[in-house]
Amino acid sequence: MLYISSLIQNYRIVYSTKGFKRFFSQIYPNYNLQYYCNPKNHEEIKQNIKIRKGVGDVDRVMQLYKIITKTSEDNHEYERIKQDLYEALSILPNKTHPFVKGKFEPHIAHEINKKKDFGEYKPFEFSEITRLLNLMRIEKLGHTCGHKSYYFFGELAELEEALIKYTVKKLLDDGFQLISVPDILASNVLESCGMSVKSDRTQIYSLDPHHHGTDLCLSGTAEMSLAGLLANSVHNINDLPLKLAAVSRCYRAETSNLAEERGIYRVHQFNKVEMFVVTTSEQSEEMLEVIRNTQEQIFTPLGISVRVLDMPPYELGAAAYRKYDMEAWMPGRQAYGEISSCSNCTDYQSRRLNITYKTLNDEYCYVHTLNGTACAIPRMLIALIETHQHPKGKIIIPETIQKFMNGKKFIMKNTKVPELKLLKIKR
Amino acid sequence: MTMIYKTYFYTLFKTRNLLVTPKRYSALFINGAKATENYVYVTPYLDFPEKFQNINNIKDDLKKRKYNYNFEKLEDLWHVYEELRQKRNQYEQQKDRLAKELGKIIKNESEKEAINKLKLQITLIKDDIRKIKAPLWSAEEAAVVEALKLPNNLHDKTPESHSQIVYTHLKPLKNDKNHIKIGQDLNLITIKNNENYYLKGDAAIFELGAKFLFSDILKKNNFIQFSNPDFVKSVIVEGCGINHTNPDTVFILHHNEDTQINSDSRLHLTGGGSLCSYMAYHAKNVLYPKVLPLKYFNMGRQYVPVASDFNSLLTVSQAAVVEFFAVTKAATDIDEMLDNLIEILKQYYSRFDYHFRISMTAAHQLNMWESLRLSVEMYSSSQQKYATIANVSLSGDFISKRLMFTYVDNKVTKFPHILSGTLLNVPKFLACVLEQDNDFCVPDILKPENWSL
């Protein structure tokens, strides 16, 4: 792998036709202008926006493009128009895979493990189980560590560690390279991954701009950090696909008052094992299936019932070309919950981050990037604990996990961590 | 009456003089009018009157710590506060006395004149009480906030001027390696700056393996595993003896909500691998004495802002760590726990063929909340000095009192003693390991094939 982070590299690709005239002007991502600004594609792009989330205005893009082609670079208005054009381009969504284009509902692509039959027994929810077995604290923490904070302890914390070991080991066996990533990132990295930092203040945590500089955000997923690592890099075609994995903290500011997202279903911080793969433009479709397969191989031995959904266009984020969601059956909640997903982002991220590869003909092409969740801890724990609860008040640890938990077979009631009592303040 | 007013105005004047200081920040101590504006989660237990009986000890400790603290100022502030408080108490007593007198005669028609006189006196005294409220609050805040900055007592074993080595494993190496260069040559590290670095391939495996091995050792030593959140509120940060308003000591998150910014009620990114995170769990909670001692640990992140111009794994602000938190009933139980931790540290670090030493930190290098600190140090060739890769800190009941972490013994509220620290700081450990004489490879015990039975 060859890392080139210098500006010159950036300019060579972005400004090869413009020379050094604008050396000191703003750096623009190399959007696919031939496609997005070609009137022939107008209808197709418009239709694509419509079937997706409706974000983006292709009419404005075409209009600005028309103006800019007629404006001289020396005109003082030129830079402003260009900025407007690139801003309009930046929010256009990726193309959509032809297979899902006409779909409006998720399509079940595969089902893993049957739902467990509990017979007469009515399975408990995760939060009830953890309360009864004293494995987690989530109450009365708002004043000391913020809304929706939680602590795992005892064998639940051990299970978290075991799941990380199990997942990482599987990924290493499958040829993934492990990376330890930073959690504090510059906002432009997040934006390049398809997050809008300015409009998504409610989704992203950032450091106080007065105290720590204006530009630092907390990573929402290792996908962002890994994309940041690869920014401005050129890869040798023989090194692709490049398969990376990371265990990281994920920070999400989003809140939810929905009853079905109670407990630790949607939290502000959690651990996650993530996959991030870089391929040539030809390899990415097949790679999405490889990632999906890896995910299925991770989930199957855990005994949880999972359905794999091929997601319709309106469910795709701006960056995704195609996306699978994996939903696990959570018997206590009596509902499916999303535990994982994988997406093919084609060249959406690589154009923004300037990640290229050199073809055998010495041409530079944008790589395709893909990402997938190997194990997101909180929801994985919900699915596991609810599925493997035993009416006698214990949890059966899946066999494949036992060797990562020192051979333990069950999680029993924790009596070592005392339950706390809140002090009453006398005034 | 005139006498009372005279002293009152004198004290008020003195208070004002002493209070002409910039706006005071405290998330921990909130009183008076502020207490109605802000939600007060916890009020610290103030042991200063007891502490002040031993002023020489305090002054001695401050000297040993080389701590920049104006003790005379505190004495002045405390004096003013005490005076006003006594005054207020006098008024209260007077009011009670007058009310009692009034109660005796109030139904007696013939004493109309006396009744009216008493009523008037009560109104006046009530007015005095009302008037003294604001200066009293102000004086109380000034004195208490200043007193809360007073450092912990030093432990007898804390050496005065130089760190004291208590254990050495193997001999120091002699080379001039630099972990950043080695890390880049072997494609193990990408470091953009101290806030942004990546460990790649074997370095990332080393990170996980090192944590997992420690986790295993701690569980075998009956420590209970935790998984902690990364954010804490200002009150916890200040409670743990860290200045919550200083961005050089703790990360402050952007205030996302529409409400007005209050610098005493912010969210901070400390990481789950921190004492703050354990105190956020325990603050304002009561335990039964029979559950003590407690021994907890977690594998998590630790975030500490770093002001360093040069970038290295020894100065990065994000670290993967193994953090522990232990609680005992009394100071006397701490020694045993301390010995236990030294043994665990030896057990872990001697599993590798690296030189390390354990030392007792000198008084002037301690944080204000620490009374004793043990450090595990490895030699860094690039820095030409020892780097601390682990520590065990004794804070006694200092933080328990600030954050009302209590237990009840025979119906008496008591404060448990705390021992805490970072048993493994992965980036610092890795930096020193990369600078060893031998070429870097992941030690067998840390390899993925040894992560399971």
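## A walk through chains A and B

Start by selecting residues 74–108 of chain B: this stretch is 91% helix and 0% strand, and its end C-alpha atoms sit 52 Å apart. UniProt, in an unreviewed entry, lists residues 74–108 of chain B as "coiled-coil region". Keep in mind along the way that you are looking at a predicted model.

Next, move along chain B to residues 281–436. An unreviewed UniProt entry lists them under "domain: Aminoacyl-tRNA synthetase class II (G/ P/ S/T)". Colour residues 281–436 of chain B by secondary structure and you will find 22% helix and 42% strand, with 39 Å between the end C-alpha atoms.

Now bring both chains into view and turn to where they meet. Here 52 residues of chain A are in contact with 53 residues of chain B. On the chain A side, several elements each supply at least two residues, among them helix H7 (142–145), strand E5 (177–180), helix H10 (209–212) and strand E9 (242–251). Select helix H8 (155–173) of chain A as well; H8(A) gives the most to this side, with eight residues.

Which residue stands opposite Phe153(A)? Zoom in and you will find Phe226(B), in E4(B).

Methods
Residues numbered from 1 in each chain as written. Chains lettered and ligands numbered in written order. Predicted model: local features only at pLDDT ≥ 70, side-chain atom pairs only at ≥ 80, totals over all residues. UniProt positions renumbered as here; feature names shortened; annotations may be inferred. Helix = DSSP H or I, 4+ residues; strand = E, 2+ residues; numbered from the N terminus. Contact = placed C-beta atoms within 7 Å. Pairing = 2+ DSSP bridges.
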